[in-house]
Amino acid sequence: MIGSVCFGAFRLDSFDGLLPFDFKTQAEKSVSKYLVNLLSMELTYFTSGILFAIIVKKRVWDYSITVTLVHVILSSAVMAEFPLAWQWWLALGGGLLMMICNGQLVAHFVCQNNPAYSSSNL
């Protein structure tokens, strides 16, 4: 959904169904498709961290790492090769870190008055 919004905002000519998995797009600031891929990945990771915090309330880091590993496996399967582009790995790692940090912070502040939730269970 975020990829579709970014696609519309950048007014790309054709929507690519491989958008969430594409690591082969040339990494340049002037390439709109690359910017859409990067922006949609980072925004998806940001919102996923908040969603995990709301749903699971603890161990957001565990869900974040698991989802990222599944994403790497699916990206490799869809694109039929293992991602070697360092820019993609940097964006993925940054997104993972953002998902863990904002998810854990939201979970901590939302659930701090809940006796079932404690910081030691993170």
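The structure is a predicted model, in which local features need pLDDT of at least 70 and side-chain atom pairs count only at pLDDT 80 or more, while totals for chains, interfaces and linings use all residues. Residues are numbered from 1 along each chain as its sequence is written, and side-chain values use heavy atoms, with hydrogens and water left out.

The protein has four helices and zero strands, where helices (H or I, at least four residues) and strands (E, at least two) are DSSP runs, numbered from the N terminus. Along the sequence, this gives the pattern α-α-α-α. Of its 122 residues, 34% are buried; buried means under 20% relative accessible area, exposed means over 50%, and partly exposed lies in between (1.4 Å probe, protein chains only). The accessible surface comes to about 7500 Å², and carbon and sulfur atoms hold 69% of this surface. Such areas come from the Shrake-Rupley method with a 1.4 Å probe, and for residues only the protein chains shown count as cover. Contacts, defined as heavy atoms within 4.5 Å, also describe the fold: among those with a separation of 6 or more, 65% are between residues 24 or more positions apart.

The expected span is 1.5 Å times one less than the number of residues. Val 60, Ser 64, Thr 68, His 71, Val 72, Ser 75, Ser 76 and Met 79 are the buried residues of H3. They lie on the same side of H3, because they cover an arc of only 140° around the axis; the arc is that of the directions from the helix axis to the C-beta atoms. Leu 69, Ile 73 and Ala 77, by contrast, are exposed on the other side of H3. The buried residues of H3 pack against H2 and helix H4 (86-111).

Most residues other than glycine have a negative phi. Ala 80 is placed in the loop between H3 and H4, and it counts as exposed because its relative accessibility is 67%.

Helix H4 can be treated in a similar way. Its 26 residues should span 38 Å at 1.5 Å a residue, and its end C-alpha atoms are 37 Å apart, which agrees. The buried residues of H4 include Trp 88, Leu 92, Met 99, Gln 104 and Cys 111, and the buried residues of this helix pack against H2 and H3. Val 106 is also found in H4, but it counts as partly exposed, because its relative accessibility is 27%. Leaving aside residues up to four places away in sequence, Val 106 touches Ile 50 and Ala 53. Val 106 and Lys 57 are 49 residues apart in sequence, yet 8.6 Å apart in space, C-alpha to C-alpha.

Helix H2 (residues 32-56) contains Leu 51. With a relative accessible area of 45%, Leu 51 is partly exposed. Together, Leu 51, Ile 54 and Ile 55 make a nonpolar surface patch of about 310 Å². Patches are made of residues with over 30% relative accessible area and no salt bridge; like charges are joined within 9 Å, and nonpolar side chains (Val, Leu, Ile, Met, Phe, Trp, Tyr) within 5 Å. A salt bridge is a side-chain nitrogen of Lys or Arg within 4 Å of a carboxyl oxygen of Asp or Glu.
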